[in-house]
Amino acid sequence: MEITLAFLLCSVLVVIGLVIKRKGSVGFIAGYKEGRIRNEKKLANRIGLTVILFAVECFLLILIHLLLFPLNGLYIGILAVVHLFVVFALFVHAVMV
């Protein structure tokens, strides 16, 4: 039951990442201004990939927690924060270039 729920929740994140990659737009980012980013499609592709990787990593951590040994929820929280910093770094890099 828990594995099915984890799979469904992580699948939602994968779908969100695929939508970001396909749409090729980053207008959902707060503070985004049209024309400041040279290659918006490339940035959207990288952010979408980051969201997909986050979903896969979360699913793997949940599997490890359920099947091998118990993990503290702190690990998934740290993973989320790291991915947020990656998205911000990609955005800053796209603006600076």
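Visitor: At what angle do helix H1 and H2 pack?

Guide: This is a predicted model, where local features need pLDDT of at least 70, side-chain atom pairs count only at pLDDT 80 or more, and totals for chains, interfaces and linings use all residues. Residues are numbered from 1 along each chain as its sequence is written, and side-chain values use heavy atoms, with hydrogens and water left out. Helix H1 covers residues 2-23, and its axis lies 7 Å from that of H2; helices here are DSSP runs of H or I with at least four residues, numbered from the N terminus. Axes are lines fitted to C-alpha atoms over the stretch in contact, with angles from 0 to 180 degrees between N-to-C directions, and the packing angle is about 170°.

Visitor: Are H1 and H2 roughly parallel or roughly antiparallel to each other?

Guide: Angles under 35 degrees count as roughly parallel, over 145 as roughly antiparallel, 65 to 115 as roughly perpendicular and the rest as oblique. The angle here is about 170°. H1 and H2 are therefore roughly antiparallel.

Visitor: Is phenylalanine 59 buried or exposed?

Guide: Phenylalanine 59 sits in helix H2. Its relative accessible area is 19%. Buried means under 20%, exposed over 50%, and partly exposed in between (1.4 Å probe, protein chains only), so phenylalanine 59 is buried.

Visitor: And what about leucine 68, buried or exposed?

Guide: Leucine 68 is also a residue of helix H2. With a relative accessible area of 65%, leucine 68 is exposed.

Conventions:
Helix = DSSP H or I, 4+ residues; strand = E, 2+ residues; numbered from the N terminus.
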